[in-house]
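The following questions and answers examine a predicted model.

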Amino acid sequence: QRQMCIRDSPGLVGVRVVVGDQDASLASSYTYEEVFVPEVVSVTPNTGAVEGGNTVTIEFRGFDNATEPFTVLFGAIGVDPLEINQTGINELEVTVPMGDAAGTVDVTLSADAGIEATLEGAYTYVESRVAGIEPTSGPSNGGNSAVITVENVFDLAGPQVIVGGVEATVESVETVEGTATITITLPEMCAVGAMDITVLSG
């Protein structure tokens, strides 16, 4: 008769062997290792613009026997394989794809041999918005500078700024942690009064 001590958590255990009336044991002789079920642990940061293009870190575990390439889905939208980089044993850095609309989506990670895990509601797409302009008024003949703040953007290269239906001259663009500041030279206007401002990504 042979008997092994069984435990339901990882750690060091002793081994006992019983053969007839003979009984022997060896303390701290066998180690149970923790086995993880495939799991997406976190997505950081977990919010970004619908346009995508920002980088996030995906932490996972339980993919020990998996090999690359990994596949990543934001909702039903796949990440370009060239935009998936393994930066640690249990960590990926990926570029978020453009979303269908604002809202929360699941993030799914899969590898070879059918290993797959999904973190529900892991990422939220948000709409970009023009948060404000400073100063808020100026002469109708234009030529003065203003700074526009746009929130929830991550890749705003070559934007167009339309003021009251007329294109302004973009002087500079700076984006920090999802907020862009755009410096413009205002165009000459044929009318006076409040004007709509539209920012289009290049």
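Q: Which residue in E10 is the bridge partner of Leu73?
A: Strand E6 covers residues 71-74, and strand E10 covers residues 103-110. The two strands run antiparallel and are joined by four bridges. Within this pairing, the partner of Leu73 in E10 is Thr108.

Q: Which residue in E7 does Leu73 stand opposite?
A: Strand E6 is also joined to strand E7, residues 77-78, by two bridges in the antiparallel sense. E6 and E7 form a hairpin with two residues between them. In E7, the residue opposite Leu73 is Gly78.

Q: Which residue in the turn between E6 and E7 has a positive phi?
A: Two residues lie between the strands of this hairpin. The phi in question is about 65°, and the residue that has it is Gly75.

Q: Is Asn144 buried or exposed?
A: Asn144 is found in the loop between strand E12 (129-134) and strand E13 (145-151). Leaving aside neighbours within four places in sequence, its contacts are Ser137, Gly138, Pro139, Ile184, Thr185 and Leu186. The relative accessibility of Asn144 is 18%. Because the cut-off for burial is under 20%, Asn144 counts as buried.

Q: What is the C-alpha to C-alpha distance between Glu59 and Ser42?
A: Glu59 is found in strand E5, residues 55-61, and is partly exposed with a relative accessible area of 39%. Not counting residues up to four places away in sequence, Glu59 touches Val40, Val41, Ser42 and Asn90. Glu59 and Ser42 are 17 residues apart in sequence, and their C-alpha to C-alpha distance is 5.2 Å.

Q: What is the bridge partner of Ile162 in E15?
A: Strand E14 covers residues 160-163 and pairs with E15 in the antiparallel sense over two bridges. The partner of Ile162 in E15 is Glu167.

Conventions. Residues numbered from 1 in each chain as written. Predicted model: local features only at pLDDT ≥ 70, side-chain atom pairs only at ≥ 80, totals over all residues. Heavy atoms only, no water. Pairing = 2+ DSSP bridges. Buried < 20%, exposed > 50% of the residue type's maximum accessible area, 1.4 Å probe, protein only. Contact = heavy atoms within 4.5 Å.
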